[in-house]
Amino acid sequence: MGWKQLNHIALPFPQQIEPDRQTKWQLIDRHLRLMHDFYGVEKGVPIARKHIGAYLAKMYLGQYRTTFNRLETAKGQLDMLAHLAETYSDEVEPTLKEAV
């Protein structure tokens with residue numbers, strides 16, 4: 001699922017442009033909370049690992065996937081996501097060359 005599709009699901013109105021990095025973090029947070037709510041914590045936490053891992057990879061932050069995947073609680077996932085968002089919200093996304 002791309003950012004535009006996620007915008008359509010998570011925001012009250014769809015946006016036709018690529019969202020800025022801060023908006024992406026807000027969308028990821030919303031998606032994570034929706035997974036926890038929909039599936040319940042017991043199933044939602046493991047399901048969220050795949051989804052959030054894909055977002056991190058897409059944002060060139062794949063080095064955090066292993067750490068995120070080890071988290072066993074919804075609170076742990078939300079806390080880590082908040083920390084990453086605070087740390088990386090103002091940065092311009094690196095290009096593929098810069099990420100390698």
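This is a predicted model: local features need pLDDT of at least 70, side-chain atom pairs count only at pLDDT 80 or more; totals for chains, interfaces and linings use all residues.
Residues are numbered from 1 along each chain as its sequence is written, and side-chain values use heavy atoms, with hydrogens and water left out.

**View 1. The protein chain has 5 helices and 0 strands.** Along the sequence the pattern reads α-α-α-α-α. Helices (H or I, at least four residues) and strands (E, at least two) are DSSP runs, numbered from the N terminus. The chain has 100 residues, of which 35% count as buried; buried means under 20% relative accessible area, exposed over 50%, and partly exposed in between (1.4 Å probe, protein chains only). Of the contacts (heavy atoms within 4.5 Å) between residues at least 6 apart in sequence, 55% join residues at least 24 apart.

**View 2. Arg-33 and Asp-29 form a salt bridge in helix H2.** A salt bridge is a side-chain nitrogen of Lys or Arg within 4 Å of a carboxyl oxygen of Asp or Glu; the structure holds 2 of them. Here the closest N and O atoms are 2.8 Å apart. Helix H2 covers residues 21-58, and the two partners lie 4 residues apart in it, about one turn of the helix. Arg-33 counts as partly exposed, at 40% relative accessibility. Asp-29 is likewise partly exposed, at 23%.

**View 3. Lys-75 and Asp-79 meet in a salt bridge within helix H4.** The N to O distance between these side chains is 2.6 Å. Because they are 4 residues apart in helix H4 (residues 74-88), Asp-79 and Lys-75 are separated by about one helical turn. Lys-75 is exposed, with a relative accessible area of 56%, whereas Asp-79, at 42% relative accessibility, counts as partly exposed.

**View 4. Tyr-60 has a positive phi in the loop between H2 and helix H3.** The phi angle of Tyr-60 is near 60°, a positive value in a residue other than glycine. Helix H3, at one end of this loop, spans 65-70. With a relative accessible area of 32%, Tyr-60 is partly exposed.
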